[in-house]
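Here is a short report on a structural model. Please have a viewer ready.

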Amino acid sequence: MIRTDEHHSCNGTLKCHSDQKQQESNSLKNGYHRKETVQKNGKGDGFHQPRVRGEDSFEEAPMYVAVLTYMGYGIVILFGYFRDFLRAVGLEKCHQAQEREEQKDFVPLYQDFENFYKRNLYMRVRDNWNRPICSLPGPVFDVMERVSDDYNWTFRLTGKTVENVINMGSYNYLGFAENNVDFLKTVAEETRQYGVGVCSTRQELGNFSIHEKLERLVAEFLGVESAMAFGMGFATNSMNIPALVGKSCLILSDELNHTSLILGARLSGATIRVFKHNNMQSLEKLLKEAICSGQPRTHRAWKKILIMVEGIYSMEGSLVRLPEILALKKKYKAYLFLDEAHSIGAVGPTGRGVTEHFGVDPNEVDVLMGTFTKSFGATGGYIAGKKELVDYLRSHSHSAVYATAMSPPVVEQIIRAIKCIMGVDGTTEGQRRVRQLSENMCYFRSRLKEMGFIVYGNQDSPVVPLLLYLPGKVGAFSRAMLKRKIGVVVVGFPATPITEARARFCVSAAHTREMLDKVLQSLDELGDHIRVKFSRHRPSHRQELYNETDFELDS
Amino acid sequence: MAAGQQWVLVEMVQAFYEAPAYHLILEGILILWIIRLLFSKTYKLQERSDLTEKEKEELIEEWQPEPLVPLVSKDHPSLSYDVVTGPPSHRIIVNGKECINFASFNFLGLLDSERVKLKALSSLKKYGVGTCGPRGFYGTFDVHLELEERLAKFMRTEEAIIYSYGFATIASAIPAYSKRGDIVFVDEAACFSIQKGLQASRSFVKYFKHNDMEDLERLLKEQEIEDQKNPRKARVIRRFIVVEGLYINAADICPLPELVKLKYKYKVRIFLEESMSFGVLGEHGRGVTEHFGVNIDDIDLISANMENALASIGGFCCGRSFVIDHQRLSGQGYCFSASLPPMLASAAIEALNIMEEDPGIFRVLQDKCKHMHKALQGTPGLKTVGEPLTPALHLQLENSTGSRTNDLKLLRAIVDYSLDRQIALTLARYLDKEERFLPPPSIRVVVTVEQTQEEMEKAAQCIREAAVKILK
């Protein structure tokens, strides 16, 4: 919990090079590893590298915040027990759906404690999620107004809409969630020609020429030999990892990996070990140990070791330490699975993801995975890499054999988006968007920091988590923002550690400066009002710092 | 209060002086022991390797991993895909040849429906393609809510929930309810997504013989005896039967009325996967419950994909709110995946409209299925697997050559022969090593409402010719 001795080094991008050495010893025991030797200002030869990884910042909140957070949870839990008691004796009406009479003597479908959290905590703030929208998920959208007559147990749509709410929640990084008729012309044509379904799997009669066209384009875009596309991003992980590793294999997984990676790892039957988030010492220790002592009990050598990491972590906004991981992977002959769900399109000077960001040859990464949901405004995922890898997946991927192939209009949307980013459509629009996104996210993040919020993650990440900590503020924050016509995503336990509830902003290239300024202004006011400006780095000489940061980012 | 505390302190100090020496020594040792326990390093098995750094380095140097993936030979049967150019509708172009489609699960022909396409287009105009977020984070669109409501209404259940991928539907639904320690009774012929769902749930899985209710009852009885031994434990073990309405691998219908009887007798919940039977069986296409006239409330969860009869993408689960609502926080494929593109949801809504407006379509399909089933009888060397009502039949070799690869080659030759004669068929594909009970190799023959009598006769004739020629 207490990391006060080092927090001063983790926020400012400028003043940290002096104390970087002291920290190396600390990084092992903390959950969040903040920095290592590679860093913007630290290296002398930084100029020769295409781009050096900016550091991830994970500022620690003051102690009292943690205490208050626990107290907050304590109070709602106590109240929960109290209300459960009232429900049990019939003083409070229970709104929950009940088991039907005929099956009351069955073994209960849910354990009672499973539902405690949902009934007593989630129900209080339930209106902040699943808000229905009725327009394009672009930079602004229309939220359908809903009210609850029974304290969030059920919702009723009033039929009214809150129009032009600024969308800070969708993963529309490059603004390809758009409905401009001209842009969508090809998509509409495909729909007219093909319809929307496929009604067969890739291995049977669901392998269309446009699927193959898409796969060639993805491979070309990423600069690798071959690629394969799948209909769902989540399933790309969960249905292909089992084809790559199995029994007697070891998976080393970052502790903050997405559920789909975890599910895929679990389904594969391989042994899974977890290393601390972005912590290279932890990873190296596990690698060394694994190779030296082999499999548990039998001590046979592992067949293969697969390191699973994400490009950008969606809840923390942190960036993978790719060069270090590649070095480790080479040293220990492990394989690397890189999930670029949030980074493809959004990171790198021309939007080709973290490999480009670090100036690394994409062929050095064994398995490049990514989704089309975010930057490309479509749905699905891909796996790319060497031809042998993709050929193997074509014949052994669960998805290729058992799941319906991708919908043709969706395929066309991805083709259109990638062509635009690559500039083969003859415009510079794609590159303009990549640059705009990079500008927007730097602006947004640095302004937030300047205002005194605790913001997690890397300066080059389009995901900007703003820490709220206290459970009571989560709901208040989201509702107040919606009132100001800004749609934000808030996340709390169990998606985050219990003390680290947060709001998450996804910056888009489609956001105009006016929109961002409006959001920032609202945040500034609201931050003062509900007191969530927890950062203790509020620079007194703010103008100066801001300018310098800006200068650095432009370089 | 203060005075009282002081007095206690004084008393403690006095007690300390009065205590015998051995007592103090003992306590002192105990305190030291506790401190030691607190600060000593925790014992870890893996760290106890007595290797020196150099030895470790040598080991690391020595270790050679297997290649990430084994090399796939170029002529691997599942590597060369058939390429379809143009829409997979009634007439399909496979590898450059125009054929009549007997392979896509487009049972009701809704894939080519102009109405569906127009609806999808108008949705595209309004919403674009992607949703750019999961349902929780502004990925819930009005069309999703409408589709859920419509599906629930169509199936006459309280609630429905949609997933963005057919495979992920039942594979996410099972682990949302069945956890470690629970017991699931599953039919041996259950499809791959059920198998993956079971694996993800980490429950205890008991397979019963395909459609064999006696075998199921035997297992249930065994469990009952087991329960009597430990009634306390039995009270928290959830039990489920997972079956398919119409088995994709076996092409036959589950004996639902018997299953419901067993359900109440042994207090087991039923999960029913209806991807093949939804929009196919029953007077109104509601699936196997309507086919048997079983009260749909007796089934705890029905799951189906929208990729076959509805000719869109995605899947849904429906049932009572008490059951279904739980998935909105616990269904992994629901919570952690981007939602279904609105245009695909709109297409599914329009397909539902067509199904509701014209229930005669199911009758037509069922008649055609029966016709095809009859026409394929007596094909020399091939046996028709499946019930007359199934729209996706399997043709298996009567006499296996003894090797799966050779069997597949023979069947592939029949498929190729038919492709040359404008009949598009496909082999049923499986992952040989992953399937729990690998079905025998087969050709899939799919019936749709668009096929005419003559076309079906032609297909059956063509298959017969091929069989005679190839399987002599």
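This is a predicted model: local features need pLDDT of at least 70, side-chain atom pairs count only at pLDDT 80 or more; totals for chains, interfaces and linings use all residues.

Residues are numbered from 1 along each chain as its sequence is written, while chains are lettered from A and ligands numbered from 1 in the order in which they are written.

**Confidence.** The complex has an ipTM of 0.88 and a pTM of 0.88 from the predictor. Chain B averages a pLDDT of 92, and 97% of its residues score at least 70. Here pLDDT is the predictor's confidence in each residue, from 0 to 100.

**Strand S7 of chain B.** Helices (H or I, at least four residues) and strands (E, at least two) are DSSP runs, numbered from the N terminus. Buried means under 20% relative accessible area, exposed over 50%, and partly exposed in between (1.4 Å probe, protein chains only). Strand S7 (residues 239–244) of chain B has 6 of its 6 residues buried, so the rest of the structure largely encloses it. In a regular strand, side chains alternate between the two faces of the sheet. Arg239(B), Ile241(B) and Val243(B) point one way from S7(B), and Phe240(B), Val242(B) and Glu244(B) point the other way.

Two strands pair if DSSP finds at least two bridges between them. S7(B) runs parallel to strand S5 (residues 183–187) of chain B, joined by 4 bridges. Phe185(B) stands opposite Ile241(B) there. S7(B) also pairs in the parallel sense with strand S8 (residues 269–273) of chain B, over 5 bridges. Val243(B) faces Leu272(B) in S8(B) as its opposite residue. From S7(B) the chain passes through helix H11 (residues 256–266) of chain B to S8(B), in a right-handed β-α-β crossover (clockwise from the first strand over the helix to the second, with the strands pointing away from the viewer).

Most residues other than glycine have a negative phi, and most peptide bonds are trans.

| Residue | Phi | Relative accessibility |
|---|---|---|
| Asn130(A) | about 55 degrees | 23%, partly exposed |
| Arg297(A) | about 70 degrees | 79%, exposed |

Asn130(A) lies in the loop between helix H4 (112–125) and strand S2 (140–147) of chain A. The Phe493(A) to Pro494(A) peptide bond is cis, with omega near 5 degrees.

**Annotated spans.** UniProt (unreviewed entry) places "transmembrane region" at residues 20–39 and 160–178 of chain B. UniProt positions use the numbering given here, feature names are shortened, and annotations may be inferred rather than shown by experiment. Residues 20–39 of chain B are 95% helix and 0% strand. Residues 160–178 of chain B are 63% helix and 21% strand.

How values were computed:
Side-chain values use heavy atoms; hydrogens and water are left out.
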